[in-house]
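Biologist: I would like to learn how to read side-chain packing and helix faces in a model. Could we go through a few features in turn?

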Amino acid sequence: MSSSINVETFHETSLQQNLLDRDAFLTNLLSRVTTKKQDGWLQDLRDGAANWVRHSVIPNTREEEWRSTDLSPLKQVDFNLGTFHETSLQSMIVPEVSQRLVFVNGVYAPNLSNTENLPDGLIVGNLDVLGDEIVQKYLAQAEGANEVFTALNTAAVNDVAVVWVGKNVVVENPIHLLFISVSGETATISQPRVLVVAESGSQVSLIEEYTNRRDAENAEKEVYFTNGVTEIWVNENAQVSHNRIVREGAAAFHVGKTAVTQARSSRYTCNAVTVGGKISRHNLEILQTGEQTETTLNGLTVVADNQLGDTHSAIALNHPHGITKQLHKCIIGDRAHGVFNGKVFVPKPAQLTNAAQLNRNLLLSPKSRIDTKPQLEITADNVKCAHGATVSQLEDDQIFYLQSRGIDEGNARKLLVNAFAAEIINFIPVPSLRDDLLKTVVSLTNK
């Protein structure tokens, strides 16, 4: 009898352990990034997220949301926790911007940041600048917190880039949130976290940028994994202009989550540009919590070589009189692979919604490919909605026309690619950043 009980107990314990540690890769990552234990609500938040991760697995191509994105190259790398490295900002400074937060491998760098001369009602800094009561109200409270990469980020929260804009405060100049990844002899992982709260009647413009040491030797060959999460709360009648720039190294992995909650009469604009990265994925999720919201999403993905660039967006319109416009473009060269999946949900309560979605793709090589899936799910009966997708190559007659004006074929192709990209890049409200991004697109598509 005793032996039988021991065997049953053994099997029960083994089953529980298998359920807890379902994915060896995730378990290993969790052990590397788990923060130092401390008492309080933040530790409870981490523990809950870590427990969720231990019950989860890395997504695979058998799952609908990941069927076009194979993460097996990510699972083949042994990542270690990145630490702070001294680095130069010379090539990363945006001249038009004065306020700046800098994180290196996820570690706040106050000596590289500039949070001086802030207007009244604006708080910019790391987790220490807000009281626990405000942070608890918003941090990890957005929809989708249990998605595996989001939970992994929450389990490792040690510090947060915070922007809090008080009621009726209008911030004239953009705020630059810069996240730099530095690898070395071993592959590293960093998990930046951003919390933006725009109180009622406020206005703010953000530049959220992810990059590597651009000027460093062999920076393009450095292997690292950036798993970032940004939560943006746009309260009643507030306005947020969000410019998300990803310029990762050719051997880097990037998974980003942007969760936006829009209250009544709020306005949110996202201009997202992703260039490079071995595998890059952006999950953009918008939740409407009040009527008469405006949402504008402009996106550009540029990949070459054997890179993969994936954008998944979901807009949940739960109230009437919502307006949403989305234009996403992909430029795909060599053997690269682009993915776009955009969803707009318009349930019955969301009457008088106006939603438009378009995905346009430019293939620069016969071996480049795109998977595109714009989706509208509508049950409301009094709406104006449209969606579509196009896939094309550079037109011979356009190249011939430019050649007839004295432009050689190579420069003609550059001009056409630039024009295709510029429609999105020109939405970014900072001239120097626009010029820099156009140069980056040209360099990547003309290797």
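Biologist: Does Phe103 count as buried or exposed, and at what relative accessibility?

Modeller: Keep in mind that this is a predicted model. Phe103 has 2% relative accessibility, which is under the 20% cut-off, so Phe103 counts as buried. Tyr108, at 19% relative accessibility, also counts as buried.

Biologist: How is a pair of aromatic rings described?

Modeller: Two values are used: the distance of the centres and the angle of the planes. The count here comes to 8 aromatic pairs. In one of them, the ring centres of Phe103 and Tyr108 are 5.3 Å apart and the planes are at 45°, so this pair is tilted.

Biologist: What kind of pair do Phe149 and Phe225 form?

Modeller: Phe149 and Phe225 are edge-to-face, with 6.2 Å from centre to centre and 85° between the planes. Because Phe149 is in helix α6 (residues 148–155) and Phe225 is in strand β10 (residues 224–234), the pair ties together parts that are 76 residues apart in sequence. Both Phe149 and Phe225 are buried.

Biologist: Which residues do ring pairs link into a cluster?

Modeller: The cluster consists of Trp66, Phe79, Phe149, Phe225 and Phe253. Over the face of Trp66 lies Arg281, at 3.7 Å from the ring centre. Elsewhere, Lys329 lies over the face of Phe420, at 4.2 Å from the ring centre.

Biologist: Now the helices. Why do residues three or four places apart point the same way in an α-helix?

Modeller: In α3, the buried residues are Leu42, Gln43, Arg46, Ala49, Ala50 and Val53. Seen down the axis of α3, the buried residues fall within an arc of 130°, so they line one face of the helix. They pack against α2 (24–33) and α6.

Biologist: What span should helix α3 have, at 1.5 Å a residue?

Modeller: Helix α3 (residues 41–54) has 14 residues and should span 20 Å; its end C-alpha atoms are 20 Å apart, which agrees.

Biologist: Where does Glu222 lie?

Modeller: Glu222 is in the loop between β9 (203–212) and β10. Its relative accessible area is 8%, so Glu222 is buried. The side chain of Glu222 reaches the backbone nitrogen of Ser183 at 3.1 Å.

Biologist: Leaving aside neighbours within four places in sequence, which residues is Glu222 in contact with?

Modeller: Glu222 is in contact with Val182, Ser183, Arg213, Ala251 and Ala252.

Note on methods
Residues numbered from 1 in each chain as written. Predicted model: local features only at pLDDT ≥ 70, side-chain atom pairs only at ≥ 80, totals over all residues. Heavy atoms only, no water. Phe/Tyr/Trp six-rings, centres within 6.5 Å; stacked < 30°, edge-to-face > 60°. Buried < 20%, exposed > 50% of the residue type's maximum accessible area, 1.4 Å probe, protein only. Helix = DSSP H or I, 4+ residues; strand = E, 2+ residues; numbered from the N terminus. Lys NZ or Arg CZ within 6 Å of the ring centre and 35° of its normal. Expected span 1.5 Å × (residues − 1). Arc of directions from axis to C-beta. Contact = heavy atoms within 4.5 Å. Polar contact = N/O pair within 3.5 Å; in protein donor to acceptor, adjacent residues only side chain to side chain.
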